[in-house]
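This report goes through selected local features of one protein model, from its loops to its sheet and its surface. Please keep the sequence and the coordinates at hand while reading.

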Amino acid sequence: MALFDPAAATAAYLAQLPPEAHAKATAYTQGGHWLLLWGFVVSALVSVLIVRWGVLVVLRRRLERRKARPVLVSLVVGVVYLLVDSVLSLPWSIYADWWRQKQYGLTSQAFAGWLGEQAISTAIGAVLFGLFLTALYALIRKAPRSWWLWSGGLTAVFITVMMVLAPIYIEPIFNRYTPAPAGPVRDQVVAMARANGIPADKIFVYDGSKQSNAYTANVSGLFGSARVAMSDTMFKQGADLAEVRGVVGHEMGHYAHHHALWIAGVMSLLAIVAFFLVDRLFAPVAALMSAETVRGLADPAGLPVLAVILGLLGLLGQPVTNSLIRIAESDADHYSLVHFNEPDGLSKALVKTIEYRAATPGRLEEILFYDHPAVGNRIRRAMDWKAAHPKAD
């Protein structure tokens, strides 16, 4: 009997897609790397335009005409800024988030449908982030020297609340979530959950094909709101029971190992670093942007300055956040293999994700730009696992 060769098995999986499909995936992925830079440039130009326009300063002055109203000013100016920024950035969003996806065959959504969802998302985001900004500016006023230190706690609270509320109140606005229908798939997933101490009553299928043709599943929520959701694209692309076990096992790994919580914790620590730098950089960046009418860091009319600094820090810090998420994704793959032993099922599913994430990037490209391990590496690890843990016939 021939020995199983993980390298050859990995090559065979990757060869399931023709060279032109791999080339298309590489073009899409590497083009996306450039979008990060151009997206920041567009955001910075929009911020400069808003500062030069002076609309936020005028709004702040009108709100303070009779008396100081710091909380109201922070909320209203924050919401207005987020809405204005979204409107001015809309042409770029249309290109990056809809037209480009359409060109690469990654969405079938009509423009009107995309635009309607974008409007809803913008409105929800303006309210939620407006509340966050109101709390942030309250910290700046109350603790002008140490506000950045307290910002980590504020960020942790905000992220946690969003994780709890999103599956219950936000995600159902955009998609219809239904319990996985009775049958072999549901029976298998319920058995997997019960065998590993995971709630078995929140396994959903959602109409993800409404927005994207990408083969995907996710875990979202915390505590009682946590759930595993499979996009209907999985089944439209012929997912069998082995794939479901491999993919859902991966998502259960996120839940079982509390990845959402520790990622939120690390992101909060990174927020402290980012806001510390904002505290130091605000004045010179405001001068560079000619924001003379902004009264300093505590003035919400300076939000465009804040956005430029955070945007640049986010761009430079993306390798760090990508690496953080990649670690969690690798751990979830390992959980799936250990607990459900479906290396071929997981690999079959991973091949179907190559169209939006090139399979074999260079190591530096993966570190800098990939928030998931490269598909080629993930399949190789699955094949190494298969070689070391053969299933009994």
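## Loop residues with positive phi

N341 is placed in the loop between helix 12 (303-340) and helix 13 (343-351), where helices (H or I, at least four residues) and strands (E, at least two) are DSSP runs numbered from the N terminus. Phi of N341 is near 50°, a positive value in a residue other than glycine. H258, in the loop between helix 10 and helix 11 (259-288), likewise is a residue other than glycine with a positive phi, in this case near 55°.

The model is predicted, so that local features need pLDDT of at least 70 and side-chain atom pairs count only at pLDDT 80 or more, while totals for chains, interfaces and linings use all residues. Residues are numbered from 1 along each chain as its sequence is written, and side-chain values use heavy atoms, with hydrogens and water left out.

The buried residues of helix 13 are P343, G345, L346, S347, A349, L350 and V351, and they pack against helix 1 (6-14), helix 10, helix 12 and helix 15 (375-388), contact meaning heavy atoms within 4.5 Å.

An open sheet of four strands has the order 1-2-4-3, with mixed pairing, two strands being paired if DSSP finds at least two bridges between them. Strand 1 (177-179) and strand 3 (217-220) stand at the edges with a single partner strand each, so one side of each is left without a neighbour in the sheet. From one strand to the next, the twist averages 30°, with axes taken as lines fitted to C-alpha atoms, for helices over the stretch in contact, and angles running from 0 to 180 degrees between N-to-C directions.

Strand 4 (residues 227-231) pairs with strand 2 (residues 203-206) in the parallel sense over four bridges; F204 has A229 as its bridge partner in strand 4, and Y206 has S231. With strand 3, strand 4 pairs in the antiparallel sense, again over four bridges, and A217 stands opposite M230 there. How many of the five residues of strand 4 are buried? Five of the five are, so strand 4 is largely enclosed by the rest of the structure, with R227, A229 and S231 covered on one side and V228 and M230 on the other. Helix 10 (residues 241-256) lies across strand 2, strand 3 and strand 4, running at about 20° to strand 3.

## A buried histidine and a nonpolar patch

H33, in helix 2 (residues 19-53), is buried, with a relative accessible area of 14%. Leaving aside its neighbours within four places in sequence, H33 is in contact with E365, F369 and Y370.

I168, by contrast, is partly exposed, with a relative accessible area of 45%, and has its place in helix 7 (residues 147-174). Together with V157, V161, L165 and Y169, I168 makes a nonpolar surface patch of about 460 Å². Patches are made of residues with over 30% relative accessible area and no salt bridge, like charges being joined within 9 Å and nonpolar side chains (Val, Leu, Ile, Met, Phe, Trp, Tyr) within 5 Å; a salt bridge is a side-chain nitrogen of Lys or Arg within 4 Å of a carboxyl oxygen of Asp or Glu. Accessible areas come from the Shrake-Rupley method with a 1.4 Å probe, and for residues only the protein chains shown count as cover.

Note on methods: Buried < 20%, exposed > 50% of the residue type's maximum accessible area, 1.4 Å probe, protein only.
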